[in-house]
Amino acid sequence: CLAVAGVDAEEGWLAAAGTDAVYVYEFDGVAVGELSAGIEDAAGTTQLSALQGYLFAGTAGGLQVLTDRPWVDISLVEPYTALPGGTVTVTFTSDTDGDYTLLLAENSSSAGTTVASGSVVAGEATVAELVVPEVESDESSDLRYLVVVQVNPGDADRVGHDADYFERNAV
């Protein structure tokens, strides 16, 4: 018995909620193909929605985010407030081995600048450092920065990411 369906034809899948799991099928925009996965952890789903490679499953207990992309979790950004030229440490984990890129942006609508990169091992904490930018003559000395960690940044269809903030204070 199908409760609801979520579709992302660009990503090539269709999801359907049954009473015992959420089922993900291959989908080319016209025909439903083979079963790709049955996700029993999402049993009891009553609503599904798809957006940019992510499937959101609503249950009586809350919301689950389902994806085949790397799951990245920033656990610590310290210090939260830093001076220009100082160092900020970002600690994160990924559920997938791969390469990572640490981006620094002034807000969520800017592309950001790469400030660190390296490799990540699934399930292990990765620590990356960045240097807080100096104050430009035409900007406020107090500025809030967005730190973005991307895992597998070279694969646009399978990038996982998380973001957090820190603040640069006046000298």
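Visitor: What does the accessible surface of the protein chain come to, and how much of that belongs to carbon and sulfur atoms?

Guide: Accessible areas come from the Shrake-Rupley method with a 1.4 Å probe; for residues, only the protein chains shown count as cover. Here the accessible surface of the protein chain is about 9400 Å², and 48% of that belongs to carbon and sulfur atoms. This is a predicted model: local features need pLDDT of at least 70, side-chain atom pairs count only at pLDDT 80 or more, and totals for chains, interfaces and linings use all residues. Residues are numbered from 1 along each chain as its sequence is written, and side-chain values use heavy atoms, with hydrogens and water left out.

Visitor: How many helices and strands are there in the protein chain?

Guide: Helices (H or I, at least four residues) and strands (E, at least two) are DSSP runs, numbered from the N terminus. The protein chain has 0 helices and 15 strands.

Visitor: In what order do the 5 strands of the open sheet stand?

Guide: Strands of a sheet pair through backbone hydrogen bonds, either parallel or antiparallel. Two strands count as paired if DSSP finds at least two bridges between them. The order in this open sheet is β9-β15-β14-β11-β12, with mixed pairing. Its edge strands, β9 (81-82) and β12 (113-120), each pair on one side only. Within the sheet, β14 (residues 143-151) and β15 (residues 160-168) are antiparallel over 9 bridges, and Q150 stands opposite H161 in β15.

Visitor: Which strands form a hairpin with 2 residues between them?

Guide: These are β5 and β6. Strand β5 (residues 47-51) pairs with β6 (residues 54-59) in the antiparallel sense over 5 bridges, with L48 opposite A57 in β6.

Visitor: Which residue in the turn has a positive phi, and which peptide bond is cis?

Guide: Most residues other than glycine have a negative phi, and most peptide bonds are trans. In the turn of the hairpin, Q52 has a positive phi of about 50°. The peptide bond from E78 to P79 is cis, with omega near -5°. P79 lies in the loop between β8 (72-78) and β9.

Visitor: Is T91 buried or exposed?

Guide: Buried means under 20% relative accessible area, exposed over 50%, and partly exposed in between (1.4 Å probe, protein chains only). T91, in strand β10 (residues 87-94), has a relative accessible area of 15% and is therefore buried. Leaving aside neighbours within four places in sequence, T91 is in contact (heavy atoms within 4.5 Å) with D73, I74, S75, L76, A125, T126 and V127. Of the 171 residues of the protein chain, 35% count as buried.
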